[in-house]
Amino acid sequence: MSTATDRPRSVKRSVLNTLKGSAGNLVEWYDVYVYSVFLTYFESQFFSADDQNSTLYAWAIFAVTFLMRPLGSWYFGRLADRRGRRFALTVSVTVMAACSALIALAPTAAMIGGGAAVILLIARLAQGFATGGEYGASATYMSEAAVPGHRGFLSSFHYVTLVGGHVLAQTTLLVMVLTLTPEQISDWGWRVAFGIGGLAAIVVFWLRRTMDESLSQETLDAVRTGQFTRAGSMRDLIVVQWRPLLLCFLITMGGTVAFYTYSVTGPNIVKNAFADGDVVAGTLINLIALTVLMLLQPLGGWISDRVGRRALLVFFGIGGVLYTWFFLTYLPQQTDPVIAFALLIGAFVILTGYTSINAIVKAELFPTYIRALGVGFGYAMANSIFGGTAPLLFTAANASSQVPLFIGYATVVIAVSLVVYAKFLKTDQTNWLDSDKHPAPSRERAATDDRAGSSASGSR
């Protein structure tokens with residue numbers, strides 16, 4: 001038996017690697033969210049300003065890019081399990097940066113007609129591909145880099161920086177709202193926003209190259225020389241690890257629909273509610289609320305290290321089932337900044353029960369040799385079906401005055417995940433991060449088969 005990961009030698013080293021991994025995550029998710037934050041300003045540059053469906057088309061591109069996430073999770077997950085987490089994360093941030101630069105420099109519909117929308121779609125599809133790999137590889141790396149006893153707290157920084165990317169995008173918008181006219185933002189300000197993401201990736205590229213690799217050199221050598229052939233195997237994931245893969249999918253589905261409903265659709269509702277009045281107030285509400293969500297993540301992770309992961313997930317599930325109707329019914333009616341802010345904060349407190357620990361919960365489900373692929377693919381499938389489509393479905397439901405149908409849909413999806421958290425997520429077994437070893441090549445099949453059924457663990 002050979003150790004599959006290099007366990008962190010100290011809390012200090014673990015924190016350092018967490019910070020380096022987080023920085024890259026921050027920039028990648030800024031590149032993701034700058035699209036939704038600036039969408040109302042640049043949609044007229046890629047679609048005809050006279051087309052009443054331009055907003056729906058822009059959100060459709062946002063949703064379609066999620067279809068690339070399973071493909072990206074397969075490619076980068078396999079890469080991370082075979083070539084190392086650090087290498088996969090470095091490649092993914094490079095792709096994200098190149099696409100942001102392409103969007104920043106893209107010609108408009110006035111210049112090349114429908115070709116502008118095609119360029120936007122291609123760039124976003126490539127970003128969806130990279131994002132699919134980013135989640136699994138970064139969630140895996142940050143979970144493996146965390147020292148036992150502090151895994152919930154340290155891995156929570158995965159979502160600190162994920163939400164932080166949204167905060168940075170909102171901050172960029174606020175600066176522009178305070179210094180530029182709406183026409184200037186629509187003409188060229190959005191290009192600057194996308195360009196910032198491309199430039200920031202240069203620093204991140206260096207940081208990721210200096211991170212410690214969480215996979216042991218022995219493991220990497222065994223894969224490279226063909227002694228260990230099942231690392232990152234899609235066949236193994238589906239045939240041998242199908243139980244934890246299904247559990248990962250079901251854990252994610254409720255969390256991701258809530259995340260995009262609360263943290264993407266919610267701020268857009270606020271932005272639209274204040275668009276004809278105090279635009280700065282609407283932007284400030286979103287910025288402060290998202291900052292609170294970001295700061296709540298370490299608290300949630302710290303609590304999970306003491307009471308267990310399942311308790312937080314059940315809290316989220318119950319809260320989501322009870323709060324979604326109230327949130328989507330009353331938030332669009334608000335013109336009072338204080339009440340709008342309070343409604344967002346209520347949603348974000350509930351959401352923290354999922355976001356703060358979802359990376360570590362999923363990483364604990366899979367053995368090392370297939371962890372990045374398993375975490376990434378299970379997340380990407382649920383995220384593509386339920387998460388990325390949520391803003392589009394809400395926009396369509398709102399346009400046809402059928403918001404109650406969307407509320408019912410979101411509530412049912414969260415309820416299904418709640419049943420999984422309460423009934424099927426085991427917390428009384430040793431998880432794969434606690435016994436992080438892979439079997440010798442001659443014993444791969446038997447040892448993995450024996451563990452597959454018991455790997456569905458969400459322990460402390």
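C248 is buried, with a relative accessible area of 0%; buried means under 20% relative accessible area, found with a 1.4 Å probe on protein chains only. C99 counts as buried too, because its relative accessibility is 8%. The structure holds zero disulfides, a disulfide being a pair of cysteine sulfur atoms within 2.5 Å.

This is a predicted model, in which local features need pLDDT of at least 70 and side-chain atom pairs count only at pLDDT 80 or more, while totals for chains, interfaces and linings use all residues. Residues are numbered from 1 along each chain as its sequence is written, and side-chain values use heavy atoms, without hydrogens and water.

V147 lies in the loop between helix 6 (115-145) and helix 7 (151-155); helices are DSSP runs of H or I, at least four residues, numbered from the N terminus. V147 is counted as buried because its relative accessibility is 8%.

The largest pocket has a volume of about 450 Å³, that is, the space filled by probe spheres set on grid points joined across faces, edges and corners. A pocket is an open set of points on a 1 Å grid over the protein atoms alone, where a 1.4 Å probe fits, with protein on both sides within 12 Å along at least five of seven lines; lining residues have an atom within 4 Å of a point. Here 22 residues form the lining, and I269, N272, F394, T395 and N398 lie nearest the centre. Helix 12 (242-273) and helix 18 (390-399) are among the helices that each supply at least two lining residues.

Technical notes: Buried means under 20% relative accessible area, exposed over 50%, partly exposed in between (1.4 Å probe, protein chains only).
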